[in-house]
Amino acid sequence: FSSKVVVKTVAGAMASMGPVLALVFFMVLLFGVGGIYLFGKNLALYYRCGLPLTAEQSTFFFNESTYEPTSASEINIVQCGVNLTRIDEFQTAYSTFLQENASSGVPFEFLDFDLDGGDDRYCMALTPQRLCSCAILPNGETPDVCVDTVSCEANLCFRGEIMPVDSLHGFNNFATASMTVIAVFFQKDWSMFMDACVQTAGPFFGYFYYIFLVIFGSFCLLNLTVATVGQTFTRVKKEAEKK
């Protein structure tokens, strides 16, 4: 085909893409805001299961002067303040609960408001990575560490410094949420995003959100874009053949 046909096709497609682009923007806005509400509140995607380490123990895993946590690291470590006395109380109580009530269906309860703070430690994330969640403290702040026996069992749930996938994607604000939605439109690492969100918000909201995002975004919108360009190309080609 001649370059003239190609140029006319691109120009004609751009003129016809107005409604499609408006629909894409609406879908990014809808799923971006929805993702922030479901997965971004209280820095939920930053929390992961881990262990508290002493300064001496941490030297076996990383060099503090050169270490930078990344989502690709096999071991992620961050400075955290924990109350070791309360950690011992929690682990003792949880072990007793497992021995006495694990099969009874009675939920484990532990008031961890004062678990946060105290001794300076390094929190090391477990591998493979497991995300968890911490409730808001009575003063309205988000804790650095807490107890989440559903996700972490006898380990701690602590707030890290990185997102599960990378720093450019997530649901902290509309910019990163838009990047995440667009990445899922093109099916880039979308299963990794889904897995992290399922661990954070539960399977119902996590699977429901990403199934609809892939169906409407990846399948419908991108195919609609391709169909618009193809229709314009067919029209321009027929006009060129008539001449």
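Cys134 has a relative accessibility of 12% and therefore counts as buried, where buried means under 20% relative accessible area, exposed over 50% and partly exposed in between, with a 1.4 Å probe and protein chains only. Its partner is Cys146, and the two form a disulfide with sulfur atoms 1.9 Å apart; a disulfide here is a pair of cysteine sulfur atoms within 2.5 Å. Cys146, at 4% relative accessibility, is likewise buried.

Before I continue, the basis of these values: this is a predicted model, in which local features need pLDDT of at least 70 and side-chain atom pairs count only at pLDDT 80 or more, while totals for chains, interfaces and linings use all residues. Residues are numbered from 1 along each chain as its sequence is written, and side-chain values use heavy atoms, with hydrogens and water left out.

What is the handedness of the disulfide of Cys134 and Cys146? The torsion about the S-S bond is about -90°, so this disulfide is left-handed. Cys134 lies in the loop between β3 and β4, and Cys146 in strand β4, so the pair ties together parts that are twelve residues apart in sequence. Helices (H or I, at least four residues) and strands (E, at least two) are DSSP runs, numbered from the N terminus.

By the sulfur distance rule, the count comes to three disulfides. Another of them is formed by Cys132 and Cys157, with sulfur atoms 2.1 Å apart. The link of Cys132 and Cys157 has 95° about the S-S bond and is right-handed. Cys132 is in the loop between β3 (119–125) and β4 (145–147), and Cys157 is in strand β5 (residues 156–159), so this pair ties together parts that are 25 residues apart in sequence. Both cysteines, Cys132 and Cys157, are buried.

There is also the disulfide that joins Cys49 to Cys152, with an S to S distance of 1.9 Å. At -80° about the S-S bond, the link of Cys49 and Cys152 is left-handed. Distant parts of the chain are linked here: Cys49 belongs to strand β1 (residues 47–53) and Cys152 to helix α5 (residues 149–152), 103 residues apart. Cys49 and Cys152 are buried as well.

Which residues does Ser151 contact around these cysteines? Ser151 is found in helix α5. Neighbours within four places in sequence aside, Ser151 is in contact with Cys49, Arg130, Leu131 and Cys132, contact meaning heavy atoms within 4.5 Å. The side chains of Ser151 and Asp148 are joined by a polar contact of 3.2 Å. A polar contact is a pair of N or O atoms within 3.5 Å; within protein, one must be able to donate a hydrogen and the other to accept it, and residues adjacent in sequence count only if both atoms are side-chain atoms.

Glu153 is in the loop between α5 and β5. Its phi is near 55°, a positive value in a residue other than glycine. Most residues other than glycine have a negative phi. Glu153 is partly exposed, with a relative accessible area of 45%.

I turn now to the nonpolar cores, each a set of buried Ala, Val, Leu, Ile, Met, Phe, Trp, Tyr and Cys residues joined through side-chain atoms within 4.5 Å. The largest has 24 residues, of which Leu45, Phe171, Tyr209, Tyr210 and Leu213 touch the most other members. Helices α2 (18–40), α6 (174–185), α7 (190–201) and α8 (203–242) each supply at least two residues of this core. At least three of its residues come from each of domain 1 (3–41 + 172–241) and domain 2 (44–159), the bounds being taken from an automatic or database domain assignment. Leu213 touches Phe31, Val181, Val184, Phe185 and Ser218, not counting residues up to four places away in sequence. A second, separate core of 16 residues includes Val82, Ile87, Phe108 and Phe110.

Finally, helix α6. This helix has twelve residues and reaches 16 Å from its first C-alpha to its last, close to the 16 Å expected at 1.5 Å a residue; the expected span is 1.5 Å times one less than the number of residues. The buried residues in α6 include Val181, Val184 and Phe185. At the N-terminal end, α6 is capped by Asn173, with a side-chain oxygen 3.2 Å from the backbone nitrogen of Ala175. Gln187 follows α6 and has a positive phi, near 55°.
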